[in-house]
Amino acid sequence: MGMKLKKLRSILAGPTFTGGLLFFAAVAAFVWANVSPDTYNAVWNQPLTLNLGKHVEKAPENGQVVEHVSYFMSIHLKSLQLFVSDLLMVIFFFSVGLELKGEFVAGKLSSFKKAILPIAAALGGMLAPAIIYHLFNHNAADIAEQGWGIPMATDIAFSLAVISLLAKRVPLSLKVFLMTLAVADDLGGIAVIAFFYTEHLNTGALAIAMIGVAFLFFSNMVNARTRWVYYVVGFVVVWTQILESGVHATIAGVLMGFAFPTNAGMLPKDYAVKAKKLLGKIEDKGHETIFRGMPDAETSDTYFELKQLTKYAESPLASVERTLAPWVSLLVMPVFALANAGVNVSGDLSFTQAIATPVALGVGIGLLVGKPIGIFLFTLLFVKLGIGKLPEGVKWKHIFGMGLIAGMGFTVALFITELAFRTTDLSIREIAMNYTSEAKLAILLASVLAAIIGYTFLYAISLKRKH
């Protein structure tokens, strides 16, 4: 039973399942928005009030007993979509920050030799789509030109799900290269959000947030490992003040992730010695420690000591990242897809007209054509200059096929779409909403085509290699 449960958890946490769940959520949102657009908009875009702790007090008024209802807490939300964008996505970007720090400290980005080629590929895969988008929209007299950042993103969950389906048909080093590229791409996307999609800036609030960030980094430097300090300061100071400053709140998540401690509490050898002593205490007691299925107090205390020892020995960053991963992949990202992939195509423009607009063409062609070309050319340039070297077993056709798969933008692309065309100017609100729908439609279509074309290309070249 234990082995079956472990295998089930492994499947649920795997890129194929999580990518499939994300795809299902996106399809469900698209169908929902077109079958019943009124209910879709009502669920995600209407103001919402959550009342907690209802209290009813009866009091006489004008000879009648009147009930006065009050609540312990009332939470007013502008919309569920903003809740997802400004809170749930902070959790997503917190996990991204943890992953990025882990990769920089001891992972695929920890040395120049390991990192330079995937980073170069990611840079090419960001610049080329942005240029293509600009070519289609540089003459726009309104906010259409602001969407240049949309096709720059690669969705790590979708892209890894597709390449995982190829299993042994592609070199393992190609999957590692794509993972590293996608991580570097996330870092680039974060920079774009922070520097180019900030409407206004409250320097006072930003200064307070940075003081909070500095405190977290100082805590890290003095090896403060108490996690609640990072959570409390991160949420109460950094998140709230970043939100107030005008910089998007997701940047708070990234900064909190980068500030989280990485150092293990002890060396593995020291942990093994102490753990063996505790395990020896349990082993010496034998079966008499269990009575009616419950261990005695001394054994329970030993279990607790072992648990605390393990918690202390482990890197806090690695522990939190592992705990957070299933929540992000199985809840946060699918909910985000449900809230943002619902594009209604029954408006003024037909489906064909919607995907032929400059915004849609810039996004779609940027992802489908710009991504593989940018990734391939920058990888080629850095290899020819002798700065980087192709991973073992990886050929140039693999790089091009991987570039096609990297054209799956989705999560971050949809997120940037919301920021790019967000406006308080009522005179262009309708135009901005149309651009948002066009861009989202292009992202969905391009991501599906990128998955099919990229998978087919890599599958085909693997067959040729066998013959």
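## Basis

Helices (H or I, at least four residues) and strands (E, at least two) are DSSP runs, numbered from the N terminus. This is a predicted model, in which local features need pLDDT of at least 70 and side-chain atom pairs count only at pLDDT 80 or more, while totals for chains, interfaces and linings use all residues. Residues are numbered from 1 along each chain as its sequence is written, and side-chain values use heavy atoms, with hydrogens and water left out.

## Aromatic pairs

Rings of Phe, Tyr and Trp (its six-membered ring) pair if their centres lie within 6.5 Å; planes under 30 degrees apart count as stacked, over 60 as edge-to-face and the rest as tilted. The count under this rule is 15 aromatic pairs.

Phe376 and Trp396 form an edge-to-face pair, because their ring centres are 5.6 Å apart and their planes stand at 65°. Phe376 belongs to helix α15 (residues 358-384) and Trp396 to helix α16 (residues 396-405), so that distant parts of the chain, 20 residues apart, are linked.

## A pair within one helix

Tyr455 and Tyr459 are stacked, because their ring centres are 5.9 Å apart and their planes are at 20°. Both lie in helix α18 (residues 429-466), where a spacing of 4 residues separates them by about one helical turn. Tyr455 is partly exposed at 27% relative accessibility, and Tyr459 is partly exposed at 28%.

## Cluster

Phe92, Phe93, Phe336 and Phe415 are joined into a cluster by ring pairs.

Notes. Buried means under 20% relative accessible area, exposed over 50%, partly exposed in between (1.4 Å probe, protein chains only).
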